[in-house]
Amino acid sequence: MALRLVKLTQNVVAPALSRTYAMAASAEIQKSPLQKKITKIPNAQYGGRHAVTMLPGGGIGPELMNYVRDIFSYAGVPVDFEVIDIAGTEDGNDDLDYAITSIKRNGVAIKGNIETKSEEAGVISRNVALRNELDLFVNVMNCRTYPGVVTRHQKPIDILIVRQNTEGEYAMLEHESVPGVVESMKVVTRENSERVARYAFEYARQHGRKKVTTIHKANIMKLSDGLFLQVSRELANEYPEIEHNDMIIDNCCMQLVSNPYQFDVMNTTNLYGTIITNVICGLIGGAGLLSGKNYGDHYAIFEPGTRNTGTAIAGKNIANPVAMLNAAVDMLNHLGHKHHATIISEAIYKTIVEDNIRTADIGGSSSSTEIVENVIKYLSTKVTHWPVGVDYTN
């Protein structure tokens, strides 16, 4: 695709709404000590470039990762990828072990969705293992509507989900006590409940959010969910300016469908967070738009917000690349490459909202590559080179 590059100038200003959306997606407001700790930026190596582990995953993951690499290459993003396949098809877990070593070395990864076949004996869930081994205790997902994309509600939705990421039903502690009887342990600890709740309250405080809602099933699981709820209530006393309420998960799903505007920040356990994110994605356009961020004290992984692999549409050039591109933008913000993050985010917004180039899942008829080509077309009006001496991380 031949595209004419024009010189980047200071008087080139994107449309106001597009820039507002991009800056909201990449805002770096002054962080609390906790947020600084869990979003520590790895040191750049080799002349200011960052090495990032790339895990393409299964289904549509590899083709979406190729789009990320194409856009990064075109925009001159100072990131080099170490690509590792952990699709869960090998015997044993050597591939997983190598991926974990790579992430510990690089500090950051971008990941496609990975499906672990339940019938594969001895092959553990790659998704859960990564989060547990790297102690990625919180998953953060900003659920915001794109103007013009058909949704179930007329007014814009803007809900932040803060999800406990390593415990609960995902502890992977199961056994068959006697033939035909399987026991599965749900693990909830005060330490991790406090870490995720504090993240939710700190985020609300730093970003001007007004309310945190804790989601639970403490009416039935009185000890496990009861502890999660108790810790949230105790912590809420430290944030008197932020309203705190709680809601049972089944009622929460109904309330999300009927009146999502009552929610601002949601503090959830692991399984409930998965359910909620899929419900909200269904409300605002599906799985192809939103990204998710996994944070620990030392490492971070960025991925699409919902974890379906899209195997049925792989290779058909119809998968929506926006969720993966948004994950890449999140990763750039985390690494401090804010200028690149902003212009790519603006290009995504312009493509989806202003140019109305959309895949079929959000009411369009465009192909995956048409979206990527339009993003690159927009970038061609913003980027030719990066002048020496300009700090693009500020």
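**Note on the sheet and its helices**

1. Lys-293 stands opposite Phe-302 in β12. The model is predicted; local features need pLDDT of at least 70, side-chain atom pairs count only at pLDDT 80 or more, and totals for chains, interfaces and linings use all residues. Residues are numbered from 1 along each chain as its sequence is written, and side-chain values use heavy atoms, with hydrogens and water left out.

2. β11 (residues 291-295) and β12 run antiparallel, joined by five bridges. Helices (H or I, at least four residues) and strands (E, at least two) are DSSP runs, numbered from the N terminus; two strands pair if DSSP finds at least two bridges between them. A hairpin of four residues connects β11 to β12. Tyr-295 has Ala-300 of β12 as its bridge partner.

3. β12 also pairs with β3 (residues 108-111), in the parallel sense, over three bridges. Here Ala-300 is the bridge partner of Val-108. Strand β12 covers residues 300-304, and five of its five residues are buried (under 20% relative accessible area, with exposed over 50% and partly exposed in between; 1.4 Å probe, protein chains only).

4. The open sheet has 10 strands with mixed pairing, in the order β2-β1-β3-β12-β11-β4-β5-β10-β8-β9. β2 and β9 (243-248) are at the edges; each has a single partner strand, so one side of each lacks a neighbour in the sheet. Neighbouring strands are turned by 25° against each other on average, direction ignored. Axes are lines fitted to C-alpha atoms, for helices over the stretch in contact, and angles run from 0 to 180 degrees between N-to-C directions.

5. Helix α3 (residues 61-75) lies across β1, β2 and β3, at about 155° to β2. Its 15 residues should span 21 Å at 1.5 Å a residue, and the end C-alpha atoms are 21 Å apart, which agrees. The expected span is 1.5 Å times one less than the number of residues. Buried residues of α3 include Leu-64, Val-68 and Phe-72. The buried residues of α3 pack against elements including β1, β3 and α10 (322-335), where contact means heavy atoms within 4.5 Å. Gly-76 follows α3, with a positive phi near 70°.

6. The axes of α4 (residues 94-106) and α5 (residues 126-133) come within 11 Å and cross at roughly 40°. That makes α4 oblique to α5 (under 35 degrees is roughly parallel, over 145 roughly antiparallel, 65 to 115 roughly perpendicular, the rest oblique). Among the contact residues are Ile-100 and Ile-103 of α4 and Ala-129 and Leu-130 of α5.
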